[in-house]
Amino acid sequence: MSAPVVRGRLLFGLVLASFVVAPSLHAGGSLPLRVVARVPLSGPAVRFDYTSFDPKTKRLWIAHMDAGELLAFDVVQRRIVKTIAVPGVHGVIAVPALGRVYASATDAREVLTLNSRTGAVLVRAPAGQYPDGLAYDPVERHVFVSDESGGIETVLNAAGRRMVTIPLGGEAGNVQYDSGSGRVLVDVQTLNQVAVIDPRTNRIVRRVHLTHCVHDHSLLVDSAHRLGFIACDGNATLLTLDLRTMHVTGTFKVGGSPDVLAFDSWLRRLYVSAESGVVGVFAENAGSVRRLGLAFLAPEAHSVAVDPATHFVYFPLQRGSAGRPELLIMRPT
């Protein structure tokens with residue numbers, strides 16, 4: 001997400017026993033999650049951003065944005081194994097098939113291509129004014145990079161070299177590849193639209209208007225079940241989108257300023273993390289979702305990742321239980 005906006009602090013929730021049972025401005029219930037571990041992370045107590053899990057190397061790549069560091073966290077040993085300097089790192093995506101990791105060095109206005117095992121920086125490419133989220137198209141073998149304030153998608157080849165830019169007509173939110181249609185979807189957050197890009201021609205072929213959304217920043221797709229998830233940070237709303245018809249099928253309230261989404265494809269569970277520290281957990285069903293829990297987790301718990309093999313859920317926190325950076329590891333109940 002873009003640079004932090006000053007918001008009112010929410011009260012700390014309570015963690016009773018090993019379950020999360022937390023009060024919230026949005027819900028008074030609990031989350032269907034159990035604490036597994038709290039692992040200290042390096043660096044100052046400043047903002048984290050996106051994460052990406054590499055099932056091949058068993059590494060969780062964590063953008064420690066305001067520290068200017070990309071962390072490679074070994075989920076088996078539960079420790080940091082690499083720390084790479086990436087100025088203002090926002091987005092990160094691991095591509096196991098290529099043995100590569102791509103990260104947006106926002107302060108340098110670049111995208112870095114790294115070796116996923118050594119962490120070596122192989123290529124640096126210009127990526128607009130404010131490179132943020134990324135997506136990978138495995139068919140064309142291209143990386144799409146959202147330039148948030150520049151309002152474009154930058155397209156890189158697999159080697160990390162810039163090929164072309166695609167004007168969106170408004171600020172770029174997150175971007176996803178949909179294997180079911182072979183299209184790339186990108187939020188155009190200042191227009192409350194999703195732009196559909198044909199990656200073979202790198203042209204916008206459709207625009208989907210979101211009538212119940214204010215500022216669609218976050219996006220995730222479940223291609224197998226033809227369902228998209230859109231989080232609107234301007235009105236704290238989650239939308240479900242039928243990827244066949246491109247019609248909205250559901251509207252749900254979530255925590256204030258929702259940011260990062262994560263999806264467990266085996267359990268069909270969606271996690272919505274928000275700047276407010278409120279986390280939502282949803283079960284995917286036929287054409288939409290059902291809310292399982294919505295509660296305050298921790299201050300600024302706005303980033304989340306899932307290991308699809310263990311189903312563990314990871315929340316990088318800039319101030320954990322000891323007031324220092326921490327990776328909160330949880331499992332579903």
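Start at Thr154, which sits in strand S14 (residues 152-157). Keep in mind that this is a predicted model.

- Is Thr154 buried or exposed? Its relative accessibility is 0%, so Thr154 counts as buried, the cut-off being under 20%.

**What S14 pairs with**

- On one side, S14 runs antiparallel to strand S13 (residues 142-147), and 6 bridges join the two.
- S13 and S14 make a hairpin with 4 residues between them, and Gly151 in the turn has a positive phi of about 70 degrees.
- S14 also runs antiparallel to strand S15 (residues 162-167), this time with 5 bridges.
- That hairpin, S14 with S15, has 4 residues between the strands as well, and here Gly160 takes a positive phi near 95 degrees.
- Glu153 is a handy residue for seeing both pairings: Ser146 stands opposite Glu153 in S14, while Ile166 is the bridge partner of Glu153 in S15.
- As background, strands of a sheet pair through backbone hydrogen bonds, either parallel or antiparallel.

**A four-stranded open sheet**

- Further along, there's an open sheet of 4 strands in the order S16-S17-S18-S19, paired antiparallel.
- Which strands stand at the edges? They are S16 (172-178) and S19 (203-209); each has a single partner strand, so one side of each is left without a neighbour in the sheet.
- From one strand to the next, the twist averages 25 degrees.
- Inside the sheet, strand S17 (residues 183-188) and strand S18 (residues 193-198) run antiparallel and are joined by 5 bridges.
- Asp187 is placed opposite Val194 in S18.

**Gly91, a buried glycine**

- Gly91 belongs to strand S8 (residues 89-95).
- With a relative accessible area of 0%, Gly91 is buried.
- Setting aside residues up to four places away in sequence, Gly91 touches Tyr50, Tyr102, Ala103, Ser104, Asp132 and Leu134.
- Val111 is 20 residues from Gly91 along the chain, and their C-alpha atoms are separated by 9.1 Å.

**Aromatic pairs**

- How many aromatic pairs are there? The count comes to 2.
- Phe229 and Phe263 form a tilted pair, 5.4 Å centre to centre with 35 degrees between the planes.
- That pair links distant parts of the chain: Phe229 is in strand S21 (residues 227-232) and Phe263 in strand S24 (residues 258-264), 34 residues apart.
- Both Phe229 and Phe263 are buried.
- The rings of Phe252 and Phe282 have their centres 5.8 Å apart and their planes at 65 degrees, so this pair is edge-to-face.
- Phe252 lies in strand S23 (residues 247-253) and Phe282 in strand S26 (residues 278-285), so the pair ties together parts that are 30 residues apart in sequence.
- Phe252 is buried at a relative accessible area of 18%, and Phe282 counts as buried at 0%.

**The disulfide**

- Searching the whole structure turns up 1 disulfide, which joins Cys213 to Cys232 with an S to S distance of 2.0 Å.
- Why is it called left-handed? The torsion about the S-S bond of Cys213 and Cys232 is about -115 degrees, so the disulfide is left-handed.
- Cys213 lies in the loop between S19 and strand S20 (216-222) and Cys232 in strand S21, so the pair ties together parts that are 19 residues apart in sequence.
- Cys213 is buried, with a relative accessible area of 3%, and Cys232 counts as buried at 0%.

**Nonpolar cores**

- The largest nonpolar core has 34 residues, and those with the most contacts inside it are Leu33, Trp61, Leu70, Val86, Tyr271, Leu297 and Phe315.
- Another core, of 15 residues, lies apart from it, and its members include Ile62, Phe312, Tyr314 and Leu327.
- For context, nonpolar side chains tend to be buried together in soluble globular proteins.

Notes
Residues are numbered from 1 along each chain as its sequence is written. This is a predicted model: local features need pLDDT of at least 70, side-chain atom pairs count only at pLDDT 80 or more; totals for chains, interfaces and linings use all residues. Side-chain values use heavy atoms; hydrogens and water are left out. A nonpolar core is a set of buried Ala, Val, Leu, Ile, Met, Phe, Trp, Tyr and Cys residues joined through side-chain atoms within 4.5 Å. Buried means under 20% relative accessible area, exposed over 50%, partly exposed in between (1.4 Å probe, protein chains only). Two strands pair if DSSP finds at least two bridges between them. Axes are lines fitted to C-alpha atoms, for helices over the stretch in contact, and angles run from 0 to 180 degrees between N-to-C directions. Contact means heavy atoms within 4.5 Å. Rings of Phe, Tyr and Trp (its six-membered ring) pair if their centres lie within 6.5 Å; planes under 30 degrees apart count as stacked, over 60 as edge-to-face and the rest as tilted. A disulfide is a pair of cysteine sulfur atoms within 2.5 Å.
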